[in-house]
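Welcome! Here is a friendly walk through one structure, in questions and answers.

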Amino acid sequence: MRKINLKGMIIKCIKAIQPINVSVNNVVLAPNELLSGKKAIVTGAGSGIGKAIAKAFVNSGATVVGIGRDIKKLNMVETELGCEKFLPYCCDVSKVDEITTYLSQILT
């Protein structure tokens with residue numbers, strides 16, 4: 001049975017994606033303006049899929065509240081992005097008490 005290099009295939013697909021401009025009501029938006037003025041909360045933003053989603057949202061103009069259990073990882077994501085549109089919050093979403101505590105801070 002032949003091994004498939006999944007990582008290599010994904011990298012090729014990502015490199016093949018070309019940036020597009022989107023037209024909304026005859027207004028053309030650049031890829032970095034698609035979510036301009038919007039806010040998002042992303043859980044698991046310190047690594048993996050959550051990190052990728054947080055970066056994509058920030059690159060599209062959104063302000064992202066990144067939630068994760070490891071503040072060091074969240075701070076590294078903030079440093080990688082190099083902007084003020086990523087706000088890290090250390091919280092374990094499996095603990096309801098932590099969610100309610102941080103949610104009041106996040107929404108203000």
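Q: How do you know how far to trust the coordinates here?
A: This is a predicted model, so each residue carries a confidence score called pLDDT. The protein chain averages a pLDDT of 80, and 71% of the residues score at least 70. Where pLDDT is low, the predicted coordinates should not be read in detail.

Q: Where is confidence lowest, and where is it highest?
A: Strand β1 (residues 22–24) has the lowest confidence, with a mean of 53. Helix α3 (residues 71–81) has the highest, at 94.

Q: What elements make up the protein chain, and in which order do they run?
A: The protein chain has 4 helices and 5 strands. Starting at the N terminus, they run α-β-β-β-α-β-α-β-α.

Q: How many of the residues count as buried?
A: Of the 108 residues in the protein chain, 21% are buried. As for the surface, the protein chain exposes about 8200 Å², and carbon and sulfur atoms supply 60% of that area.

Q: Why is V65 called buried?
A: The label needs a relative accessible area under 20%. V65 has 8%, so V65 is buried. This residue lies in strand β4 (residues 63–68). Leaving aside neighbours within four places in sequence, V65 is in contact with A40, I41, V42, L87, Y89 and I106. V65 and A45 are 20 residues apart in sequence, and their C-alpha atoms are 8.6 Å apart in space.

Q: What makes R69 count as exposed?
A: Exposed means over 50% relative accessible area. R69 has 69%, so R69 passes that cut-off and counts as exposed. R69 sits in the loop between β4 and α3. Not counting residues up to four places away in sequence, R69 touches C90, C91 and D92. R69 and G44 are 25 residues apart in sequence and 7.7 Å apart in space, C-alpha to C-alpha.

Q: Why is the pair K51 and E80 called a salt bridge?
A: The rule asks for a side-chain nitrogen of Lys or Arg within 4 Å of a carboxyl oxygen of Asp or Glu. The N to O distance for K51 and E80 is 3.2 Å, so this pair meets the rule. K51 lies in helix α2 (residues 48–59) and E80 in helix α3, so the pair ties together parts that are 29 residues apart in sequence.

Q: What does E80 form with K55, and how do you know?
A: E80 and K55 form a salt bridge: their closest N and O atoms are 2.5 Å apart, and the cut-off is 4 Å. K55 lies in helix α2 and E80 in helix α3, so this pair ties together parts that are 25 residues apart in sequence. Salt bridges that share partners join K51, K55 and E80 into one network. The count of salt bridges comes to 2.

Q: Are K51, K55 and E80 buried, exposed or in between?
A: K51 has a relative accessible area of 21%, so K51 is partly exposed. K55 is partly exposed too, at 25%. E80 gets this label at 42%.

Q: How many disulfides are there, and how do you know that C90 is in none?
A: The count comes to 0 disulfides. For C90, the nearest cysteine sulfur is that of C91, 7.6 Å away. A disulfide needs two cysteine sulfur atoms within 2.5 Å, so C90 is in no disulfide. At 29% relative accessibility, C90 counts as partly exposed. C83 is partly exposed as well, at 26%.

Q: What makes the nonpolar surface patch, and why can L103 be part of it?
A: The patch is made by I41, L103 and L107, and has an area of about 290 Å². Members need over 30% relative accessible area. L103 has 35%, so L103 passes that cut-off, and L103 counts as partly exposed. The place of L103 is in helix α4 (residues 96–106).

Q: What share of the contacts joins residues at least 24 apart in sequence?
A: Among contacts between residues at least 6 apart in sequence, that share is 40% in the protein chain.

Notes:
Residues are numbered from 1 along each chain as its sequence is written. Side-chain values use heavy atoms; hydrogens and water are left out. Patches are made of residues with over 30% relative accessible area and no salt bridge: like charges are joined within 9 Å, nonpolar side chains (Val, Leu, Ile, Met, Phe, Trp, Tyr) within 5 Å. Accessible areas come from the Shrake-Rupley method with a 1.4 Å probe; for residues, only the protein chains shown count as cover. Helices (H or I, at least four residues) and strands (E, at least two) are DSSP runs, numbered from the N terminus. Buried means under 20% relative accessible area, exposed over 50%, partly exposed in between (1.4 Å probe, protein chains only). Contact means heavy atoms within 4.5 Å. pLDDT is the predictor's confidence in each residue, from 0 to 100.
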